[in-house]
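Please open the structure in your viewer and keep the sequence panel beside it.

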Amino acid sequence: MTLLERDSALASLAEYAREARAGEGRVVLVGGEAGVGKTALVESFTRGREKDRVVWAMCDGLFTPRPLGPLFDIADEIGLDVTVGRDHLFAATLRALKDVDVLVIEDLHWADEATIDLVRYLGRRLRGTVAVLTYRDDGLAPGDPLRVALGDLGTERGTRRIGLAPLSEPAVRTLAEERGVDPAELYRLTGGNPYFVTELVRDGTAGIPASAADAVLARAARLEPRSRAVLDTAALIGLRVDPRLLAAATGAPPEALDALVASGLLTGDATGLRFRHELARLAVEQALPPHRVAAAHAAVLAALQRLGSGDDAGMAHHAEAAGDTAAALHHAVRAAKAAAGLRSHREAAAQYHRAVRADGNDPRLLDALAFELSMIDAWTGVAEAAERARVLWHAAGDGRREGNALRMRSAAWVSLCRGEEALADAEAAIAVLEPLGPGQELARAYAHLAKQRMLADRHAEAADLARRAQAIAAPLGRHDLLSDTLNTESVARLMQGEEWLPLMRRALDVAIAHGHDEKAGRAYTNLYGLLCRARRFGEAEPVYHEAIAYCDEHDVDTYGTCLRGERAASLARMGRWDEALVLCRQVLTRVEEASPINRIYPLYVNATIRARRDENGVWEALDEAAASADGCGEPQWIVKARLGRAEAFWLAGKVSDARAEAELADDACARADGWLRGWVATWLGRTGSDRPARGVLAEPFALEVAGDFAGAARAWEALGCPYDAALARLGAGDEDSLRHALAVFGDLGAAAAVRVARQRLRDAGARSIPAGPRTATRANQHGLTRREQQVLDLVAEGLTNAEIAGRLVLSVKTVDHHVSAVLGKLGVATRAEAARKAG
């Protein structure tokens, strides 16, 4: 079948390959809807490169994938030792690819977390190779891990994008006329989708079937019975089919396999057989009579076992579908351990779920499931698994493991903002464990309660519990516990005005050195958060980029989500509101919804920016944030949620309501540090409360409370916080200060704050008061500034940030900020979506 309307895409691929051969390295993201012709495009491209070394891998969506499945598939071909640890494996892959001209990975939308991490790793480091990655872009939710990864890759200078659109009506007419099919009807039925067009045209001229599935099944029906049975089994194996496995599972002779290729339903190459498209495989699979499915899966499982397969993930899938619970349990546990070893916690959790379905009475499986779920921020599942494990351990008379299950359930309640239950379980765990004497379970329980005391601003108790845990953990060589307790002690020291940074750095170093990903994620999160709390943004910036790369590459979703919330708050403080909103959107629209406690910060940031801009969607977010904060009982969240509400009321002119919220925040901050107390104190003053400020306040707040508004504004400006500086100038009341504040609010697009400043100017008797945001920004349909529109136009041309910087004579960092602002104003998550809107 002729490949139409793909000349431009093929030319781009050829150009990117030339650039890679020159030493640049290119990652080409080929996106489009199912059936749009991504595989056909890449096949056409590689057919013209006979002198190049081309390596081809694919992801399979039939079952929970084996972590790094595409890499394992090509390991022999590129001479890669896959028995080494994950970090060494990634580095070895990069070295092996130096001898590869073209790497193709198909169907990245089905990739496991470790494969996505590998793609990220290669995207930053490839040289001399063009990596062509195909994926469906029509079903990715905003927070899908792949979408987040694609957004990250889009910022790399070596990344290029090719978006494939359906065929035009003239192109469909050309294909239809080759076989005498009514072109208008064909276009109406297919919408120009090349796969559907091809299937319907190939089906012949005797009328057009209602769907491509009908065309696939019509062709399958023309097979003789034995070949059709082989086809059915092939559909259960997956998109790619090993001929040896298919023959072993069905006893089919070579001519039966040849018939499948001759029918056009499967294609063959040097690597084996595969369905021409996943839609074809699905059509065959879904037409299978239910009573034949289990037997076919059993035959595939038996064949895999005879062939000595090491694909435990695949065998677990086939065993469960065959109803073989013993085999499902065996292979699911092995697959889960392998996934966890490669830090693919999402896949590990899925396999432990399968194992628990096979044997729900083994508390060890439930413990393992709870841990893997905790790594991906799935805390409702953690609570359920931990409770089931607790009951079973109690019945078995194993107090240590019962206490550990209580501790894990307590951790779940913390993340689910159920503070009272969390504290009760934490104390119950210690009550169970202390009579049993020192052990790692008791050390974990002490460490967990230390965190809760720290989050409740009971810092002396937190430090004491942390040291008690260290005393038990150190002789046992438990470096994970050492990192965790050093971390908690570091935070407690900061809050008591003591030196903290070296201890936090040590906590991070210990976690990384000993491969404890979760503890490293927590250390990174607290290191970044504490630097930002003190508005040390310059020091915090490199920490964030290092931290988020670590959490994403090591599949530590819980802390990756927390980091993004902290980052959004920091960007908001620095006046980078559009970037902040993009991050908030990523967290709040995840496929697996972030835990309630991880939603509070992005909810607060999203709501306060929208309140300042006088936009909708403020109170729903503030209501949820306040409910979660009250539920968890932690002062830091209560203060944030209540002061967010105070500011929104104040901007709306509802000063008495704002005062009530500020006083609720004051009720929660008695033992807080000077930054939190200072924040509360300024809002008490701003809303006319007669409550006095408590304790020592951080400098900018102390200046404002003392009435030195100009000094406070200068302090905020020195820290890089323009909105806070403008709020301080509002308090001064003189015309120059008010005009300065108005200008800053206008630059930030803070329409509600502009309204407040303009009223203050009128009250002060000022004349010629500026009205509204700048004209150029207001005239743009998306609210883009002139520079942002220029950047968007260049993004739409496919330029990288580095190329845009060169074109506009700007720094790459400045372009990064502009791109983030554009994405936020357009309400999109990726450059491709922004380019489509620009068109």
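What follows is a walk through a predicted model, beginning with a pair of strands and going on to several salt bridges.

**First stop: a strand and its partner**

Begin by selecting residues 54-58, which form strand E2. Four of the five residues of this strand are buried, so E2 is largely enclosed by the rest of the structure.

The structure holds 60 salt bridges, and the remaining stops visit some of them. Select helix H14, residues 278-286, and show the side chains of arginine 281 and glutamate 285, which lie four residues apart in this helix, about one turn. Their side chains meet in a salt bridge with an N to O distance of 3.2 Å. Is arginine 281 buried or exposed? Arginine 281 has a relative accessible area of 2%, and because the cut-off for buried is under 20%, it counts as buried. Glutamate 285, by contrast, counts as partly exposed, at 23% relative accessibility.

Move on to glutamate 539 and arginine 536, which form a salt bridge whose closest N and O atoms are 2.9 Å apart. Colouring by accessibility would show glutamate 539 as partly exposed, at 39%, and arginine 536 likewise as partly exposed, with a relative accessible area of 29%.

**Fourth stop: a link between parts apart in sequence**

Next, select arginine 755 together with aspartate 614, which form a salt bridge with the closest N and O atoms 2.9 Å apart. Arginine 755 belongs to helix H40 (residues 751-763), while aspartate 614 sits in the loop between helix H31 (596-612) and helix H32 (618-632), so this pair ties together parts that are 141 residues apart in sequence. Arginine 755 is partly exposed, with a relative accessible area of 38%, and aspartate 614 is also partly exposed, with a value of 47%.

Key. Residues are numbered from 1 along each chain as its sequence is written. This is a predicted model: local features need pLDDT of at least 70, side-chain atom pairs count only at pLDDT 80 or more; totals for chains, interfaces and linings use all residues. Side-chain values use heavy atoms; hydrogens and water are left out. Buried means under 20% relative accessible area, exposed over 50%, partly exposed in between (1.4 Å probe, protein chains only). Helices (H or I, at least four residues) and strands (E, at least two) are DSSP runs, numbered from the N terminus. A salt bridge is a side-chain nitrogen of Lys or Arg within 4 Å of a carboxyl oxygen of Asp or Glu.
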